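Here's a quick tour for anyone meeting this structure for the first time. Have a look at it, then read on.

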Amino acid sequence: MTSWIEIGALDDIPRLGSRVVRTPGGNIAVFRTESDEVFALDDRCPHKGGPLSQGIVHNKRVTCPLHNFVIELASGQAVAPDEGCTHTHPAKVENGIVWLSVRQAAAVS
Amino acid sequence: MLDKVIKQKLVVIGNGMAGIRTVEALLERAPDLYDITVFGSEPYGNYNRILLSPVLAGEKTVDDIMLNTVDWYEDNNITLRKGETISMIDRRTCEVVTEAGERVPYDRLLVATGSNPIMLPLPGKELPGVIGFRDIYDVDRMIKASTDYRNAVVIGGGLLGLEAANGLMKRGMNVTVVHLLDTLMERQLDPVAGGLLRKSLEERGMVFKMPAQTQAILGEDRVTGVRFGDGTELPADLVVMAVGIRPNFELAKKAGLYCERGIVVSDTMQTYDGRIYAVGECVQHRRQTYGLVAPLFDQAKVCANHLAMKGFATYDGSVTSTKLKVTGIDLFSAGDFAPGPDKEEIVLQDANRGVYKRIILKDKKIVGAVLYGDTIDGPWYFQHLRDGTDVSHMRERLVFGAANLGEGGVSGQNSVAAMSDETEICGCNGVCKGAIVKAISEKKLFTLDDVRAHTKASSSCGSCTGLVEQVLAFTLGGDYSAAPKVKPLCKCTDHSHDDVRRVIVEQQLKTIPAVMRFMEWKTLNGCHSCRPALNYYLLATWPGEYRDDQQSRFINERVHANIQKDGTYSVVPRMWGGVTTPSELRAIADVAEKFNIPTVKVTGGQRIDLLGVKKEDLPAVWADLNDAGMVSGHAYAKGLRTVKTCVGSEWCRFGTQDSTGLGVKLEKFMWGSWTPAKVKLGVSGCPRNCAEATCKDVGVVCVDSGYEIHFAGAAGLHIKGTEFLTKVETEDETLEVIVALTQLYREEGWYLERMYKWCDRVGLEQIRKRVVDDVANRKALFARFAYSQQFAQTDPWAERASRGVDRNEFAPLAELELA
Ligand SMILES: Cc1cc2nc3c(=O)[nH]c(=O)nc-3n(C[C@H](O)[C@H](O)[C@H](O)COP(=O)(O)OP(=O)(O)OC[C@H]3O[C@@H](n4cnc5c(N)ncnc54)[C@H](O)[C@@H]3O)c2cc1C
Ligand code: SF4
Ligand code: SF4
Ligand code: FES
C-alpha cells in the first residue's frame with residue numbers, strides 16, 4: 001500500500017537542488033531536476049554517510065559533497081565504478097505539490 | 001520497433017588499436033548513430049599490440065593482452081568480420097570489396113590499417129625463418145622457432161628490435177643484434193645512454209654486431225645464416241627484421257586517396273574524400289606519421305567526435321615519449337635531444353648507480369629528456385615538456401626531479417617496481433599499489449582517468465599522479481598514460497579551460513546553459529567538476545551581470561560555511577589582519593555557548609573556527625556574530641581567505657613598517673572577491689618574516705626602504721617558497737600591484753588552479769611584465785578588480801541571517817512524524 005504525504009510546494013525546492021524532510025528514521029533528501037521531476041532518497045551516502053542533499057545535482061544524479069560519489073536519483077545506485085546503494089522513496093508532483101511516500105524499511109538506517 | 005530508423009553505415013577497415021579505440025569513443029558519444037561493421041585481417045578480436053613483447057618474453061599470454069573480445073563486439077551490436085581482408089575501396093559506389101569479392105556498402109568509412117614491418121630487400125629475404133615483428137602470428141612463429149632452433153639474428157637495434165631480441169633470449173636462444181649505426185635506439189637515445197643500454201644488455205648475454213650492414217640472408221630451404229658488408233658471416237636459424245615500419249596505405253592509394261608517406265588527413269582526421277576517415281599508423285598528419293599509441297589515441301578521440309557529428313575538436317599533433325619494455329632496464333626518452341646552438345643541457349651522470357639523465361632546455365622550457373637507470377621522473381619531465389612550462393625558477397634542481405622540488409614525486413630508489421603491493425600510493429584515498437595493479441589488469445584499464453574512476457587513486461589531491469602513472473606504465477609496459485596536450489576541462493567536454501574562457505568572452509555567453517549549448521557539452525547539466533568552474537568563469541567575466549548560480553556551487557560556498565565529515569559545519573568570522581577585540585571575543589564565546597558548539601579552535605590563518613554547528617543553526621549563529629560587528633571570514637571560499645600579519649612597527653622592536661595596518665587595508669579592499677582557487681596573503685614587518693609571508697599566495701615583506709612583494713608560494717599539499725615579484729615604496733603601490741596581480745590571476749587562472757600553478761604555467765616573467773612593467777595595464781587590471789568588488793562585497797551571512805536570502809536552504813522542507 002502506498003500512502004502519500006504532502007510535503008510542500010515544488011517551488012520550495014530549487015531546480016537542480018534539494019531539500020530535506022525530517023523523519024524519525026533520519027532525513028530524506030528530496031531532489032528536483034531541471035525538468036521538474038522529483039526524487040527522494042535517504043540523505044545518507046552509501047560511502048560514508050555524507051548528506052546527499054548538500055551535493056551538486058546534474059541530470060538525474062547527485063554528487064556527494066564529501067568524496068564525490070555520484071548517485072543515481074532514480075535507483076539510489078552509485079554510478080560505476082563506485083559501488084553502493086541508498087534507499088529511495090516514491091515521490092511525485094501533482095499541481096505543483098510534492099508528495100512523498102516513506103518506505104518504512106528504508107527509514108530504519 | 002515499428003518504424004525502424006535506418007542508421008548510417010560505418011565500415012572500419014583494420015581491427016587494430018587505433019580503429020577500435022575510435023569505435024569505442026564513438027559509442028561513448030553517439031551509441032546509436034551507426035550500424036558498424038569492422039573488417040580485420042587478423043583472426044582475433046582487438047588485442048594490445050604493444051604487449052606482444054612481454055608475450056614473446058613469456059611474461060604474459062595472448063589471453064592477457066586481449067582488449068576487446070568477440071563478445072564485446074556482439075554486446076555493442078558491431079559486426080566483426082575477423083580474418084577478412086579488404087582488397088578494394090570503390091569510392092564511386094561507396095562500397096568496400098573483400099578478398100572473396102563481396103561488396104559491402106558504407107556511408108562513412110574509417111581506414112585504420114596500421115603499418116607493416118619493413119623487410120629489407122636483401123637476397124634471401126623470402127626464406128622461411130625470416131620474419132617481421134608485428135602481430136600474434138609473428139610471435140607464434142618466433143616462439144616455435146625458439147623451441148626448435150638455437151641461433152637468432154635480429155636486424156635493427158631500435159625499440160622493436162631490442163624487445164624482440166630480449167624476448168628470444170628469454171626463450172633460450174643465442175641472440176645477436178645487428179645494427180647499422182654505432183648507437184642503439186639512436187632515435188630515442190644519445191650516445192651515452194645508448195652505451196649504458198648496450199652494456200647492461202651485454203651483461204644479460206645479448207651480443208651486438210654494430211655498426212654493421214647486412215648484405216645477404218643465406219640458406220636453401222630455410223635461413224642458415226647472415227652475411228655482412230665486411231664479408232663476415234653469422235649462423236642463424238631465425239632472422240627477425242626490425243628495421244622500421246611502413247604505413248600501410250596501398251589500399252587507400254589505389255582508391256585514389258591522396259597519400260604521401262601515409263594517408264594524408266586533415267585536423268579532423270578526414271582524407272581528401274570527406275566520407276572517408278583515417279586514423280593510426282597508416283596516416284600522415286601535418287607531415288608527421290606516428291608509431292606509438294598515445295598519439296593514435298588522441299587521433300581516435302578527434303575522429304570519433306567528428307563521426308558523432310559533434311564537430312569542434314581538432315587534432316593538432318602530439319609529442320611522444322618512449323619507454324623500453326625490457327624488464328629490469330629503465331629507460332625513458334621524450335622530445336628533441338639533438339644538441340643545437342640555441343639549446344642548453346643539464347646532465348647528471350652517476351656511474352656507480354648506473355644513472356644518467358640529460359635534460360635539454362630551449363627558451364627556458366624543457367624540449368627533450370633522456371633518462372637511464374632512474375626514470376621515475378620521466379612522466380614529470382614529459383608533463384612539463386608538453387605543457388611548455390617555464391622552468392627557469394627550478395633550473396638548479398631540475399635534474400634531481402620532482403621529489404627534490406617538493407612536487408610530490410618520489411625518489412629514484414623508491415621506484416614503483418620495487419614497492420610491495422601494500423605500499424600506499426594514494427594517501428588521500430588510501431589506495432595501495434596492489435589494488436591499482438589489480439584494477440589495471442582485471443578491468444583492462446588504459447589511462448590515468450580510468451584508474452582514477454575505478455580506484456579513486458589520484459582523484460583527490462593529485463599529488464600521487466606521477467606515481468599512479470608509473471604504476472600504469474609498469475603494469476602495462478607501455479606508455480599509455482600520456483594525456484592529450486590540452487586537457488579538457490572535465491569529462492563533459494573536450495574543450496580546455498582556456499578554450500572555455502576565451503569562448504565565453506568572444507561569444508558573450510552569460511549563462512551556464514548558454515556555454516554548454518554553444519560548446520556542445522556532452523552531458524545534460526554538466527557535473528560537479530564543470531559546473532562550479534563555469535559558474536566562476538562567468539562570475540569573473542561578467543561582474544554585476546551574471547547571476548551567481550547557487551546550485552552550481554559546492555556546498556561550502558552555497559551555505560557559506562565548511563561542511564565537516566559528520567555533515568555539520570564550521571564557521572569562521574572575519575578578523576581583519578588577524579586582529580580582534582575583547583568584545584568580539586566575548587561575542588564568539590557567547591555564540592559558542594548558546595549553540596552548544598563543541599569545538600573552538602584557532603586556525604593557521606589567525607582566525608577562530610567554530611566547529612560542529614548544525615546547518616539549521618547557521619543563520620542564527622551568523623545573526624549573533626553580525627550583531628557584534630563580525631562578517632563572514634570566507635574560510636570556505638575559492639576567494640580571498642585570510643591576510644595573516646605580524647605586529648610590525650607598532651609593537652615589534654624590529655618592525656620596519658606597519659605590517660598589521662597594511663594587512664588590514666589589503667583585506668578590507670579585497671575581501672569578498674572570488675578567485676580560481678583560494679588566496680591567502682601574509683604581511684611581515686621585517687625580513688624575520690613572522691607572518692610566514694613567503695609561503696603564501698601573495699606575501700609582503702616590509703623593509704626599511706619599502707615593501708617587497710612576493711607571490712606564488714604554497715604550504716599545503718605542496719610546499720613552495722614564493723617568487724619575488726617587485727619592490728615598491730608605498731603602501732598604495734603595494735595595494736595596486738597586489739590587486740592587479742590578483743585580477744590577472746582571476747582572469748587567466750583555471751578553476752581550482754592555485755596561484756603558484758598558474759605562475760608555473762604562464763611564467764613569472766610574463767606575469768611581471770603585465771603587472772609590474774606595464775603600468776597602464778596594471779592600472780587597468782586594478783580598475784577591473786575594483787569594479788567587480790562593488791558587486792562582491794556584501795556579507796553573505798548578513799544576507800542570510802537577516803535579509804532572508806536563500807531561506808529555504810537552511811530549513812527542512814517538512815517534518816514528518818511517522819506512525
Ligand atoms: C612488438 C611491438 C611493440 C610495441 N611497443 C609499443 C610501445 O611500447 N608503446 C607504444 O606506444 N607503441 C608500441 N608499439 C606500436 C603500437 O602497437 C602501434 O602504434 C599501434 O598498434 C598501431 O595501431 P593501428 O591501429 O594504427 O595499427 P594496428 O594495431 O596494426 O592495426 C591495424 C590492423 O588492420 C589490419 N589490416 C590492415 N590492412 C587491412 C585490410 N586491408 N583489411 C582488413 N584489415 C586490415 C591489420 O591486420 C591490423 O590488425 C609496438 C608495436 C609492436 C609491434
Ligand atoms: S616579522 Fe619582523 S616586524 Fe614582524 S613581528 Fe617578526 S620580527 Fe617583528
Ligand atoms: S584539516 Fe586539512 S590537514 Fe587536517 S585532515 Fe583535514 S584536510 Fe587534512
Ligand atoms: S560519504 Fe559520500 S562520497 Fe564519501
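What follows covers how two chains meet and what sits around one ligand.

Keep in mind that this is a predicted model. Chain B puts 34 residues in contact with 35 residues of chain A, and together the two chains bury about 2,900 Å².

**Where chains A and B meet**
- Of the area buried between chain B and chain A, 57% is on carbon and sulfur atoms.
- You'll find 15 residue pairs in polar contact between the two chains, with both residues at pLDDT 80 or more.
- On chain B, the elements giving two or more residues to the side that touches chain A are the helices α11 (448-455), α15 (530-541), α16 (555-559) and α26 (807-810), plus the strand β41 (814-815).
- Sorted by class, that side of chain B has 15 nonpolar, 9 polar and 10 charged residues.

**Strands and salt bridges across the chains**
- Strand β2 (residues 17-22) of chain A runs parallel to β41(B), and 2 bridges join them.
- Within that pairing, Arg22(A) has Glu815(B) as its bridge partner.
- Arg22(A) and Glu815(B) also form a salt bridge, with their closest N and O atoms 3.3 Å apart.
- In total, the count of salt bridges between chain B and chain A is 2.

**Around ligand 2**
- Chain B surrounds ligand 2 with Cys646(B), Gly648(B), Cys652(B), Phe654(B), Gly655(B), Gly685(B), Cys686(B), Arg688(B), Asn689(B) and Cys690(B).
- By class, this shell splits into 5 nonpolar, 4 polar and 1 charged.

Note on methods. Residues are numbered from 1 along each chain as its sequence is written. Chains are lettered from A and ligands numbered from 1 in the order in which they are written. This is a predicted model: local features need pLDDT of at least 70, side-chain atom pairs count only at pLDDT 80 or more; totals for chains, interfaces and linings use all residues. Side-chain values use heavy atoms; hydrogens and water are left out. A residue is near a molecule or strand if one of its heavy atoms lies within 4 Å of it. Ala, Val, Leu, Ile, Met, Phe, Trp, Tyr, Cys and Pro count as nonpolar, Asp, Glu, Lys and Arg as charged, and the others, Gly among them, as polar. Contact means heavy atoms within 4.5 Å. Buried area is the accessible area (1.4 Å probe) that two parts lose on being put together, summed over both. A salt bridge is a side-chain nitrogen of Lys or Arg within 4 Å of a carboxyl oxygen of Asp or Glu. A polar contact is a pair of N or O atoms within 3.5 Å; within protein, one must be able to donate a hydrogen and the other to accept it, and residues adjacent in sequence count only if both atoms are side-chain atoms. Helices (H or I, at least four residues) and strands (E, at least two) are DSSP runs, numbered from the N terminus. Two strands pair if DSSP finds at least two bridges between them.
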